[in-house]
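This briefing is meant for a reader who is meeting the structure below for the first time. Please look it over before going on to the notes that follow.

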Amino acid sequence: FEQAGFEIVWTNEFDKDFAKLHAAGITSWRKSQGNGIKAEIFNTKSITEISSKEILTEAFPQGKPEDFGIIGGPPCQDFSMNGSRKGFKGDRGKLTIIFFDKILEMEPTFFVMENVTGLIKSKSNKEFLIKLLNRVNKRYYIDYKTLNALDFGVPQFRERLFFIGIRKDKIVDEVLNFSSG
């Protein structure tokens, strides 16, 4: 997203060690791209302890902009074929529900969510996911696709699901503006 010109204004990671590793890795990558801005994780509380209002205030101290996006990947261990397989009932699986709740509360222009394919390979996970997406689908056009890291030059077979949502009123507004302009 940074390579495409998006500015990252807020990040969250509960695991402090991972937060340090992520910040160091992104900082190193930025330096290799000629960007000296140090990366940081802005909030290290559990997403269960952060209100949508707190996120918006931290991310946008001058007020919520008209257009912004949310990009995330809730923990996947409860959906992974090698994980606990607790699905949405697991402590980490519940965070996917919270991710979508935050989308509905904060109403970003778009969102992208990444997760493991176990989210749709298990019948019970897929059925619950469809119910979740139906809630979000009232306000967003949603699509998803399975991508493999091998197809992007990473020497590893690693399939991941990517969900993309665009707020319906933004699409309608843009189509109307284009056709009348």
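This is a predicted model: local features need pLDDT of at least 70, side-chain atom pairs count only at pLDDT 80 or more; totals for chains, interfaces and linings use all residues.

**Overall fold**

- The secondary structure of the protein comprises 6 helices and 4 strands, and these elements follow one another from the N terminus in the order α-α-β-α-β-α-α-β-β-α.
- Taken along the principal axes, the box filled by the C-alpha atoms comes to roughly 50 × 40 × 35 Å.
- Of the 181 residues in the protein, 34% are buried.

**Strand S2 and its partners**

- Strand S2 is largely enclosed by the rest of the structure, because 5 of its 6 residues are buried.
- Strand S1, which covers residues 69–72, pairs with S2 in the parallel sense over 4 bridges, and in this pairing Gly69 is found opposite Phe110 of S2.
- The pairing of S2 with S4 runs in the antiparallel sense instead and extends over 6 bridges, with Glu114 standing opposite Phe162 of S4.
- Phe110, which belongs to strand S2, has a relative accessibility of 18% and therefore counts as buried, since the cut-off for burial is under 20%.
- Leaving aside residues up to four places away in sequence, Phe110 touches Phe1, Phe6, Phe68, Gly69, Ile70, Ile71, Gly165 and Ile166.
- Although Phe110 and Ile120 are 10 residues apart along the chain, their C-alpha atoms are separated by 22 Å.

**Helix H5**

- Helix H5 is made of the 14 residues 123–136, which at 1.5 Å a residue should span 20 Å, and the distance of 20 Å between its end C-alpha atoms agrees with this.
- The buried residues of H5 are Asn125, Leu129, Leu132, Leu133 and Val136; seen down the helix axis, the buried residues fall within an arc of 95°, so they line one face of H5.
- These buried residues pack against several elements, namely helix H3 (94–106), strand S2 (110–115), helix H4 (118–121), strand S3 (140–148) and strand S4 (159–167).
- On the face of H5 that is turned away from its buried side, the residues Lys123 and Lys131 are exposed.

**Asn148 in strand S3**

- Asn148 lies in strand S3, and with a relative accessible area of 9% this residue is buried.
- A polar atom of the Asn148 side chain lies 3.1 Å from the backbone nitrogen of Arg158.
- When residues up to four places away in sequence are not counted, the residues that Asn148 touches are Gln156, Phe157, Arg158 and Glu159.

Key:
Residues are numbered from 1 along each chain as its sequence is written. Side-chain values use heavy atoms; hydrogens and water are left out. Helices (H or I, at least four residues) and strands (E, at least two) are DSSP runs, numbered from the N terminus. The expected span of a helix is 1.5 Å times one less than its number of residues. Buried means under 20% relative accessible area, exposed over 50%, partly exposed in between (1.4 Å probe, protein chains only). The arc is that of the directions from the helix axis to the C-beta atoms. Contact means heavy atoms within 4.5 Å. A polar contact is a pair of N or O atoms within 3.5 Å; within protein, one must be able to donate a hydrogen and the other to accept it, and residues adjacent in sequence count only if both atoms are side-chain atoms. Two strands pair if DSSP finds at least two bridges between them.
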